[in-house]
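Trainee: I'm new to this one, could you take me through it piece by piece?

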Amino acid sequence: MLDFYYLPGSAPCRAVQMVAEAVHVKLNLKYLDLMAGAHRSPQFTKLNPQRTIPTLVDGSLVLSESRAALIYLCDQYGDEDNDWYPKDIIQRAIVNQRLFFDACVLYPRFADFYHPQVFGNAAPDGRKRLAFEKAVELLNIFLSEHEFVAGSKMTIADISLFATLATACTLGFILRPYVHVDRWYVTMVASCPGAQANVSGAKEFLTYK
């Protein structure tokens, strides 16, 4: 069983939990209360000097970036023929691109827009909202060609993006104008491993201050 330091309201944490469920890996859940400063303890700082979640521990291996953890779980524990992170180099490259789109575009723009409102009671910033909306528009383009973000089958890229958007939807973001994203999101809720825990966990984000 792998140790997993997490908060349910964290989208990257929920992505790891969903992929772990997809590849049938048991996680030893260790709730880390960031609001109480638990990530600054000497013990956790020694384990992860970045003091970030999620943090996945498998023996001597410590991974503190969610997308790296998703890839590791599939490579280490996925079936030989699993489609979550395909072996084909071209298909894998597309999955990687979508993962990095979440890590470098969608999630940062989500955080830039919503975190000041949740954690600082700031008024919505129109410029930052527009940046996030443009990221969702790009995702809509990706999904206009295929059922899932990297082709005809659900992959870890879908799961990572699903986690991000679940939190945005909980905070009131409306997907209906993005018809392909809206269709995909309904499919993810209905068929992604751990989908209900993802949606319910996103609601805890509303309690963080």
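Trainee: Where does R51 lie?
Mentor: R51 lies in the loop between α2 and β3 (helices are DSSP runs of H or I with at least four residues, strands are runs of E with at least two, and both are numbered from the N terminus). The model is a predicted one, in which local features need pLDDT of at least 70 and side-chain atom pairs count only at pLDDT 80 or more, while totals for chains, interfaces and linings use all residues. Residues are numbered from 1 along each chain as its sequence is written, and side-chain values use heavy atoms, with hydrogens and water left out.

Trainee: OK, and what is the phi of R51?
Mentor: The phi of R51 is positive, at about 60°, although this residue is not a glycine.

Trainee: Which residues does the cis peptide bond join?
Mentor: That bond runs between I53 and P54, with an omega of about 0°, and P54 has its place in the loop that connects α2 (42-47) with β3 (55-58).

Trainee: Changing topic, how much space lies in the largest pocket?
Mentor: The largest pocket holds about 400 Å³ (on a 1 Å grid, a pocket is an open set of points where a 1.4 Å probe fits, with protein on both sides within 12 Å along at least five of seven lines, and lining residues have an atom within 4 Å of a point). Its lining has 20 residues, and those nearest the centre are S10, P12, L34, I53 and Y107, which brings us back to I53 of the cis peptide bond.

Trainee: Which element gives the most to that lining?
Mentor: Helix α4 does, with three residues, and α3 (66-77) and α4 each supply at least two. By class the lining of the largest pocket has 10 nonpolar, seven polar and three charged residues (Ala, Val, Leu, Ile, Met, Phe, Trp, Tyr, Cys and Pro count as nonpolar, Asp, Glu, Lys and Arg as charged, and the others as polar).

Trainee: And what lies around the second largest pocket?
Mentor: The second largest pocket has about 210 Å³ of space. It is lined by 15 residues, with Q17, M18, E21, L29 and A197 the closest to its centre. Two or more lining residues come from each of α1 (11-22), β2 (27-31) and α8 (195-204), and α1 gives the most, with five. In this lining eight residues are nonpolar, four polar and three charged.

Trainee: Now the helices, at what angle do α4 and α5 cross?
Mentor: The axes of α4 (residues 89-120) and α5 (residues 126-142) cross at roughly 155° and come within 8 Å (axes are lines fitted to C-alpha atoms, and angles run from 0 to 180 degrees between N-to-C directions). The two helices are therefore roughly antiparallel to each other (over 145 degrees). Their contact (heavy atoms within 4.5 Å) includes F101, V105, F110 and F113 of α4 and F132, V136, L139 and F142 of α5. The residues of this contact divide into 13 nonpolar, one polar and six charged.

Conventions: Parallel < 35°, antiparallel > 145°, perpendicular 65-115°, else oblique. Points joined across faces, edges and corners; volume = space filled by probe spheres on them.
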